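Have the structure open beside you as you read.

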Protein chains: 2
Amino acid sequence: MLVDGSDIGQRSETVRRANLSAIARGLHERGPLSRSDLVAATGLTRSAIRSLVGELASAGFVTEEGAVRLGTPGRPSPLVRPDPVSATVLALEILVDSIAASIVGFGGVQLEHVRQDRPRLQLNVDDVVADLATMAADLRARAGTPIVGVGVAVAGVVRRSDGLVSMGPNLGWVDVPLGARLDRVLGIRAPLVVTNDADAGVLAEHRRGAAEGTDDVLFVSGEVGVGGGAIVGGRPLTGAAGYGGEIGHLPVNPDGAACRCGATGCWETEVGEGVLLARAGLAPDAGSAGVDAVLRAADAGDEQALAALAHVGRWLGIGLGGLVNVLTPRLIILGGLHGRIHPYVRDALQAELGRRALPAPRALVSVVPATLGDDAPLVGAAELAFEPLLADPAAWFGRRGAMHLASA
Amino acid sequence: MLVDGSDIGQRSETVRRANLSAIARGLHERGPLSRSDLVAATGLTRSAIRSLVGELASAGFVTEEGAVRLGTPGRPSPLVRPDPVSATVLALEILVDSIAASIVGFGGVQLEHVRQDRPRLQLNVDDVVADLATMAADLRARAGTPIVGVGVAVAGVVRRSDGLVSMGPNLGWVDVPLGARLDRVLGIRAPLVVTNDADAGVLAEHRRGAAEGTDDVLFVSGEVGVGGGAIVGGRPLTGAAGYGGEIGHLPVNPDGAACRCGATGCWETEVGEGVLLARAGLAPDAGSAGVDAVLRAADAGDEQALAALAHVGRWLGIGLGGLVNVLTPRLIILGGLHGRIHPYVRDALQAELGRRALPAPRALVSVVPATLGDDAPLVGAAELAFEPLLADPAAWFGRRGAMHLASA
DNA sequence: CAAGGTTTGTGATCCTTTCGTCGAAATCTG
DNA sequence: CAGATTTCGACGAAAGGATCACAAACCTTG
């Protein structure tokens with residue numbers, strides 16, 4: 001019997017929560033701000049800001065530093081600095097050829113970081129979970145900070161609600177209850193959220209990368225498969241149940257090659273790593289080193305390599321054209337494989353994009369390579385893990401996150 | 001220097017606005033509710049509801065009726081009823097073969113309605129604008145109600161910010177400043193918003209049609225072209241600048257037929273009306289009557305008609321499969337042509353959809369025909385026009401909308 | 001028909017949170 | 001050093017919902 005679900009009745013306490021959240025979010029996303037910056041940013045009065053900042057400070061999340069004089073007249077405003085060790089999150093990443101973990105502090109500072117390259121095999125779930133748990137325990141011991149959330153980015157189709165990986169074609173996973181398993185093994189009493197690697201990637205680029213300040217973004221991340229994530233109107237595009245953005249399986253050539261998903265002619269079958277390698281005359285599973293070889297060959301003027309890149313570029317443009325018509329992003333970010341080959345495929349891509357996309361949306365969009373590299377999903381997972389804290393900082397005032405306890 | 005843009009500082013007056021908005025929206029979308037229903041719906045106290053409803057009542061937007069006894073123990077709660085004539089909107093629709101106008105009252109009641117069929121020609125902008133103005137003036141004179149907003153749905157690519165129709169292939173329009181022109185001609189001092197017909201359609205189905213209560217919806221409306229609109233996470237999918245959802249121009253067959261948009265192999269070229277008619281052996285411009293003929297022939301077992309329908313059904317499934325992977329809707333609504341042929345293409349569509357969509361999102365989605373018919377865009381335009389009122393009812397307390405004035 | 005239970009409306013008062021305004025403090029400029 | 005500028009800190013004011021007690025209206029039961 002809800003009127004709107006979110007538009008539920010508001011009370012004065014709601015206001016404080018929202019304002020506290022706005023301040024915490026501002027500090028987390030933009031770094032240290034003076035109190036007067038916060039006044040300007042929120043439109044609240046100095047009195048209100050003082051009270052709110054004071055609350056955050058006494059809870060330990062921020063510190064107030066003596067005013068820095070910056071040459072302007074008037075009494076200088078003290079700097080409010082998010083304290084990185086007051087609240088941290090654990091971010092985990094499961095990609096096709098590596099797993100990684102990091103601990104990120106409030107404000108976005110990476111405090112600890114480990115990456116473990118893995119042979120590109122079908123990764124055994126038990127091994128991955130166990131290894132991540134070890135890595136996490138190690139990092140936590142080193143950092144010694146309270147954990148307020150856990151974010152996991154995985155190369156697969158993920159149901160947000162419970163972290164079920166319904167399908168991870170490149171990992172060989174089917175219906176793996178990753179969220180539940182990690183939650184049990186890690187024993188961290190803080191919210192855990194699992195998401196698709198590209199969805200995490202676009203969040204990362206939006207918060208701390210090429211898409212800062214842009215509210216309509218499409219992120220395409222090509223590795224073995226092609227993943228995608230989007231920000232639409234400033235919020236992540238997650239469809240029902242939190243699946244969503246599987247743009248690699250857009251049918252672009254229905255009578256084309258068979259795809260690992262069972263269909264034929266998915267976008268992935270025209271722009272994936274395997275296609276590029278095969279068309280360049282290499283083994284489709286030559287991996288990252290193979291891609292390097294293709295690019296070197298192209299630099300040297302090798303016809304076959306250039307043709308392979310042209311093919312991928314053209315089909316990138318075709319698929320992106322369709323996606324531009326549907327989603328109208330202002331920015332398309334190419335990550336992973338496609339970020340690397342961007343300089344080589346740019347012209348073919350743009351030509352085809354110009355042909356496929358409708359003029360009006362076409363005029364708005366630009367295509368750029370990603371700026372965060374391999375760590376994008378990890379950064380995004382961390383950002384996602386911070387969400388509960390940022391949405392309602394007051395809820396964390398009592399408990400200082402999960403320290404070292406596994407019991408209820 | 002905004003912290004979030006929307007997450008701007010909140011104050012106590014924000015709370016009242018939000019609560020007033022929640023009540024107004026609840027009444028508009030659900031119809032009359034008792035005060036105790038509102039208490040349950042919003043989570044506010046009886047005192048608060050009393051005060052808020054009182055405010056709406058004294059502004060004239062709602063009336064309170066003597067309690068209806070419904071057999072349950074306890075004091076009966078008076079019914080709060082939105083007053084349809086207290087605030088109305090003007091909705092306009094420009095489709096390929098008809099234009100229409102209606103006046104819709106608060107609560108969603110259609111008070112006046114006119115539709116004018118037009119020969120399917122390139123519609124002259126001046127004529128359309130003039131005719132709509134006449135229709136609107138006529139309706140307004142008959143209704144005599146205050147207008148709080150104007151919504152326009154048009155079969156074209158629309159920039160929301162200013163109502164520019166950048167392209168209306170089936171109308172023969174290019175870069176028509178429809179919003180500005182209508183605003184000038186109508187002379188109504190109330191917000192005017194222009195939107196794509198399919199975007200309006202999905203909003204209508206979401207509020208008052210097949211998708212009530214479903215937060216992830218894809219609406220496909222086939223007429224001469226193929227339009228689309230989506231609701232994602234409860235909110236309309238409008239990309240940058242308010243373009244968006246042009247799913248008819250998804251490339252599904254890059255080496256296929258030429259599309260009116262200039263590209264080749266757009267979805268539209270496989271599932272549009274012209275394709276169905278041509279494959280059934282009729283003239284591609286036989287229009288609605290032609291479609292009827294095809295369906296009758298199919299009923300009679302005509303091979304060619306059945307094959308044509310099978311073709312469209314198959315390609316519908318292909319395109320929808322891709323869109324399911326990207327957007328993960330819970331419901332796909334087929335409107336216009338595709339709603340009419342749904343019974344005939346269902347099997348081919350489902351078969352192909354099952355093959356193209358990934359299992360997880362596939363399992364969530366169902367495909368149904370639209371329930372609102374030709375008026376869907378009109379209803380959606382009205383809903384959109386109500387948005388300013390619903391978002392902040394208090395802003396309308398003083399002025400009772402625009403009555404009959406054209407001056408500033 | 002009367003008594004008791006249940007639900008809701010009403011009004012007074014309290015609590016929370018922000019706003020507005022004051023004088024004081026800290027800095028730059030001339 | 002005086003003046004201008006900007007901010008701080010603190011106080012009371014204002015707004016709005018919550019709480020509580022009580023009355024009203026309905027049902028059920030004997």
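1. A word on salt bridges to begin with: the term is used here for a side-chain nitrogen of Lys or Arg within 4 Å of a carboxyl oxygen of Asp or Glu. By this rule the count comes to 47 salt bridges over all chains. One pair crosses between chains, running from R314(B) in helix α10 of chain B to D255(A), which sits in the loop between β14 (235-236) and α7 (268-271) of chain A. Helices (H or I, at least four residues) and strands (E, at least two) are DSSP runs, numbered from the N terminus.

2. Some ground rules. This is a predicted model, in which local features need pLDDT of at least 70 and side-chain atom pairs count only at pLDDT 80 or more, while totals for chains, interfaces and linings use all residues. Residues are numbered from 1 along each chain as its sequence is written, chains are lettered from A and ligands numbered from 1 in the order in which they are written, and side-chain values use heavy atoms, with hydrogens and water left out.

3. Now the interface. How many residues does the contact take from each chain? It takes 66 from chain B and 65 from chain A, where contact means heavy atoms within 4.5 Å. The two chains bury about 5,600 Å² between them, 63% of it on carbon and sulfur atoms; buried area is the accessible area (1.4 Å probe) that two parts lose on being put together, summed over both.

4. Between chain B and chain A the count is two salt bridges. In the one that joins R314(B) to D255(A), the closest N and O atoms are 3.8 Å apart. Which helix of chain B gives the most to the side that touches chain A? That is α10(B), with eight residues.

5. Please look next at the open sheet of five strands in chain B with the order β6-β5-β4-β7-β11 and mixed pairing. Two strands pair if DSSP finds at least two bridges between them. The edge strands, β6 (110-117) and β11 (192-196) of chain B, each pair on one side only. From one strand to the next, the twist averages 15°; axes are lines fitted to C-alpha atoms, for helices over the stretch in contact, and angles run from 0 to 180 degrees between N-to-C directions.

6. Within that sheet, β4 (residues 88-94) and β5 (residues 98-105) of chain B pair in the antiparallel sense over seven bridges, and L92(B) stands opposite A101(B) in β5(B). Helix α13 (residues 376-391) of chain B packs on the sheet, touching β4, β5, β6, β7 and β11 of chain B, and its direction makes about 140° with that of β4(B). Helix α4 (residues 125-143) of chain B lies across β4, β5, β6 and β7 (147-154) of chain B, at about 30° to β5(B).

7. Chain B has another open sheet, with five strands in the order β14-β13-β12-β15-β16 and mixed pairing. Why is one side of β14 (235-236) and of β16 (366-369) of chain B left without a neighbour in the sheet? Both stand at the edges, each with a single partner strand.

8. Strand β15 (residues 331-335) of chain B pairs with β16(B) in the parallel sense over four bridges, and I332(B) stands opposite V367(B) in β16(B). Helix α10 (residues 303-327) of chain B packs on this sheet, touching β12 (217-222), β13 (226-232) and β15 of chain B, with its direction at about 150° to that of β12(B).
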